[in-house]
Amino acid sequence: MIDLIIKDGIIVTVDDERRIFHGSVAVDKGKIIRLGDCSDLNAGKIIDASGSVVIPGLINCHTHLYQALIEGIGYDMHFEPWNWKFLFPIVSKMSPEHSFASARLASLEMVKSGTTTVCDHWYMHTSFANVRQVAKALDESGMRADIVYGLLDQTFAGERIDSEYMTMIHDRDDLVKDAAKFINEWHGKNRTIVSIGAGSTEDASEDLLVESKKLADSFSIQLNSHVAGWQDILAYCYRKYGVRDMEFMHSRGLTGSNSVFVHAVWLTPEEIKILARTGSNIVHCPVANAHLGYGVAPITAMLSEGINVGLGTDGAASYTYDMFDLMKSASMLQKQHNLSADFLTAEQTLELATIGGAKVLGLSDHVGSLEVGKKADLIVVDFNKPHLLPVNRVVPKLVYSARGSDVKTSVIDGLVIMEDYKVLTMNENKVIEESIEIANELVRGAGEETRRLLEAPWGSKRPYWRS
Ligand SMILES: [Zn+2]
């Protein structure tokens with residue numbers, strides 16, 4: 001008797017041969033033990049996947065879960081006012097309770113929409129207890145998590161210092177000490193691993209950037225940082241260091257196969273070569289990049305160079321944790337930007353959200369594809385729907401037509417986390433009820449200027465916040 005069989009689905013393996021076939025997936029002790037005909041096996045639980053497509057669980061390679069409760073306040077904003085008018089006034093008072101609620105709400109949305117692994121970049125250390133509450137929330141949700149202990153020792157995303165809002169900035173030594181403590185507490189615990197990284201060249205000192213690499217190496221964990229996302233950061237780096245953002249990271253030894261760089265929009269062909277040569281990994285955030293007007297990352301060029309690329313929602317600027325949203329946007333954006341329908345095929349896009357993301361996070365030996373011996377992280381997408389139907393080629397339908405709300409069942413580490421649209425690890429109504437309360441509390445605490453954003457008029461001629 002084995003633990004689980006997902007029976008009679010269309011299996012999209014994303015394995016080395018990229019096999020797609022009708023069949024079943026057998027799971028025991030957290031791992032996939034057979035793919036194909038499983039009719040001779042008995043299982044404690046059988047899930048009927050007829051008319052559905054079974055794919056590897058989706059991997060969100062970059063987000064900031066602390067922003068999950070604050071959508072619907074700041075939007076249609078350049079990064080500068082987005083931070084100072086909206087983000088900082090609200091989140092600078094983030095408590096451990098807020099952090100837990102925020103991560104729990106996001107994990108509910110992620111589980112419901114088919115994400116099984118998330119990498120959260122957490123730098124909101126208004127209390128050092130916050131990041132531990134995030135780890136706890138993700139652990140309780142049943143998700144697989146990579147928590148980046150973010151490091152900020154100078155003003156975030158700009159040069160305005162001495163602000164009452166900069167409560168997430170700490171001294172280098174305090175950060176490094178607490179990061180090491182957190183790594184010891186959470187790295188390798190259940191389904192969670194820990195990475196480390198400065199926010200970006202704008203919000204970490206040179207000393208801290210170098211120190212973060214040393215710390216990552218000493219614990220054999222990944223380094224994870226924002227790079228070349230917004231154009232302004234190039235000006236900042238030229239002014240401060242005389243070189244471009246990515247060049248600076250490379251010159252200080254921060255590139256390499258254990259390094260993950262997020263955004264990577266403003267890169268020269270030379271910098272792309274550096275990434276390829278050093279085996280560095282990239283996270284592409286197409287929706288957040290588009291919303292904030294960052295630009296379109298040259299990911300087709302990166303893929304041609306053999307660079308590992310994954311997809312990330314980023315935080316509240318993307319207005320979604322739905323990786324199906326992200327897949328469609330990523331592909332459409334590359335086609336439109338390069339004026340060619342050939343760019344970023346449906347198959348390549350599904351790879352980014354599965355095996356590509358797993359490679360970026362250093363997890364591809366365990367997850368990212370459906371293969372015997374790998375961890376059983378998989379989702380069942382219900383194609384018995386008018387906008388899908390279980391006929392013809394399924395990959396373009398997964399990427400261009402499916403939505404997170406079509407995910408019917410989710411299995412993580414061999415455990416059924418959601419079955420027939422019901423999340424089993426959380427009380428959905430309770431999570432929503434408590435999240436509303438805490439979201440209101442955050443706005444109340446933010447002050448007059450931010451509250452006024454909620455009362456601004458309809459943005460008919462220009463964005464509402466400029467009224
Ligand atoms: Zn980010």
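Student: Why is Asp314 called buried?

Tutor: In this predicted model, Asp314 has a relative accessibility of 7%. Buried means under 20% relative accessible area, exposed over 50%, and partly exposed in between, with a 1.4 Å probe and protein chains only. Asp314 therefore counts as buried. Residues are numbered from 1 along each chain as its sequence is written. Local features need pLDDT of at least 70 and side-chain atom pairs count only at pLDDT 80 or more, while totals for chains, interfaces and linings use all residues; side-chain values use heavy atoms, with hydrogens and water left out.

Student: What makes His62, His64, His226 and Asp314 donors of the zinc ion?

Tutor: Their atoms NE2, NE2, NE2 and OD lie 2.1 to 2.4 Å from the zinc ion. Donors are N, O and S atoms within 2.8 Å of the metal (3.2 Å for Na, K and Ca); water is not among the atoms, so sites may look incomplete. Along the chain, the spacing of the donors is H-x1-H-x161-H-x87-D. His64 sits in the loop between β6 (58–63) and α1 (79–91), and Asp314 in the loop between β13 (309–311) and α11 (323–337), so the pair ties together parts 250 residues apart in sequence. Helices (H or I, at least four residues) and strands (E, at least two) are DSSP runs, numbered from the N terminus.

Student: Why is the arrangement around the zinc ion called irregular?

Tutor: The four donor atoms subtend angles of 89 to 172°. Four donors count as tetrahedral if all angles lie between 85 and 135 degrees; four count as square planar and six as octahedral if opposite donors are over 155 degrees apart and all others between 65 and 115; anything else is irregular. The angles at this zinc ion therefore make the arrangement irregular.

Student: How do you know whether Cys285 is buried or exposed?

Tutor: Its relative accessibility is 0%, so Cys285 counts as buried. Cys285 is in the loop between β12 (281–284) and α9 (286–291). Leaving out residues up to four places away in sequence, Cys285 touches His62, Val262, His263, Gly312 and Asp314, where contact means heavy atoms within 4.5 Å.

Student: What about Arg444: buried or exposed?

Tutor: Arg444, in helix α14 (residues 428–446), has a relative accessible area of 57% and is therefore exposed. Between Arg444 and Ile90 there are 8.7 Å in space, C-alpha to C-alpha, although they are 354 residues apart in sequence.
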